[in-house]
2 protein chains.
Amino acid sequence: MFSAINENISKYVSFTPEEIAVFNDALQLKTVPKKTFLLQEGEICRFEAFINKGCIRTYYLDEKGAEVTLQFAIEHWWVSDIASFHEQKPSRMFIETLEDCELLTLNPESKELLLRKAPCFERMFRLLVQRNLSRLQERIFHTISLNATEKYLDFLEHYPGIPNRVAQHYIASYLGFSPEFLSKVRTKLAKK
Amino acid sequence: MFSAINENISKYVSFTPEEIAVFNDALQLKTVPKKTFLLQEGEICRFEAFINKGCIRTYYLDEKGAEVTLQFAIEHWWVSDIASFHEQKPSRMFIETLEDCELLTLNPESKELLLRKAPCFERMFRLLVQRNLSRLQERIFHTISLNATEKYLDFLEHYPGIPNRVAQHYIASYLGFSPEFLSKVRTKLAKK
């Protein structure tokens, strides 16, 4: 149950057997069927979830009510609305399972307790938030600087496991394309 | 020299006199005249700067080459391109002083050394990155959900000290308005 997460966090921090025990104690296992909302707009996010198994999508609604996909997350990624989680303010996002999921979750209280008992994990969470910020910045800059083909190739590079698991219209909503336009980009690339 | 920064960080973490000495030792004082680029697109960001005195603007160029202001920062704010700083990759941003500035800076090496010597500061930097991420998310969501007047009022709330120190066209480029349109919004509000 903890083998994937323990391997994952060892990339960020070194820890003693006692510290990893505290970490694993703080986690709660949740199994969630596909097409379930973990969070909806207006709710306060009460989890940071590590995905043991499954696929999750984060999105928001634009001014016309259209879904804009912010992020996909699969095995060994973390998912949350970090701003809502930490400031305990209503979220603007939806977080939805696309497949049956097995998650290891922290809530605000268990995370704070973990960090008090084992401050070595502060570093890990700092590095995770930094990566998150970095990706969000990249998304903003790519929106203005890459052409359609480059955007799709960048997507494939960052999400190599996703295209076979996720409906095409979700990928289109991540890229800011219509599904028809995404199809054209894919056809053009396949011919190359 | 260190009184403002030490008071600022005490909001985030508690530390011993030895730890704060290590922190202050890691900082480098820089005085920079106004209208100086601390960072330009394509360069790798080598600083995280706490502003003791002065005003700074962060912006990027959109697909038409127009400036989009990302952030203003004044006394007791931190400024950096965190993604570029931590991944040591070329930045997409410009960071420019708008006034003569006195800065306390960390570079990647001094920051890592600081965190090795005094890991209690991991928490502070995590909380700073979280706030940064939270503001960036809010900017994205406000772009789609607030009307022009609300955007300007939100700006005044988050940057109460800025309007009297910064040229109006910079504020317009933060809000995504033309300078003329910002002027109209201000006139409308003044009449209320």
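**Ground rules.** I am working with a predicted model, where local features need pLDDT of at least 70, side-chain atom pairs count only at pLDDT 80 or more, and totals for chains, interfaces and linings use all residues. Residues are numbered from 1 along each chain as its sequence is written, while chains are lettered from A and ligands numbered from 1 in the order in which they are written.

**Strands in chain B.** I took helices (H or I, at least four residues) and strands (E, at least two) as DSSP runs, numbered from the N terminus. Two strands pair if DSSP finds at least two bridges between them. I found an open sheet of 4 strands in chain B, antiparallel in pairing and ordered β1-β8-β3-β6. At its edges I noted β1 (28-32) and β6 (78-79) of chain B, each pairing on one side only. My opening pair belongs here: β3 (residues 48-53) of chain B is joined to β6(B) by 2 bridges, and the two run antiparallel.

Next I followed β4 (residues 56-61) of chain B, which is joined by 6 bridges to the antiparallel strand β5 (residues 67-73) of chain B. B:Thr58 has B:Gln71 in β5(B) as its bridge partner. The hairpin of β4(B) and β5(B) has 5 residues between the strands, and there B:Gly65 takes a positive phi near 85°.

**How the two chains meet.** I counted residues as in contact if their C-beta atoms, placed from the backbone, lie within 7 Å. Chain A gives 23 residues to the contact and chain B gives 23 residues. On the side of chain A that touches chain B, α5(A) has the largest share, 14 residues. The copies meet through the same surface, because 100% of the interface residues of chain A are also interface residues in chain B.

Key. Two residues are in contact if their C-beta atoms, placed from the backbone, lie within 7 Å.
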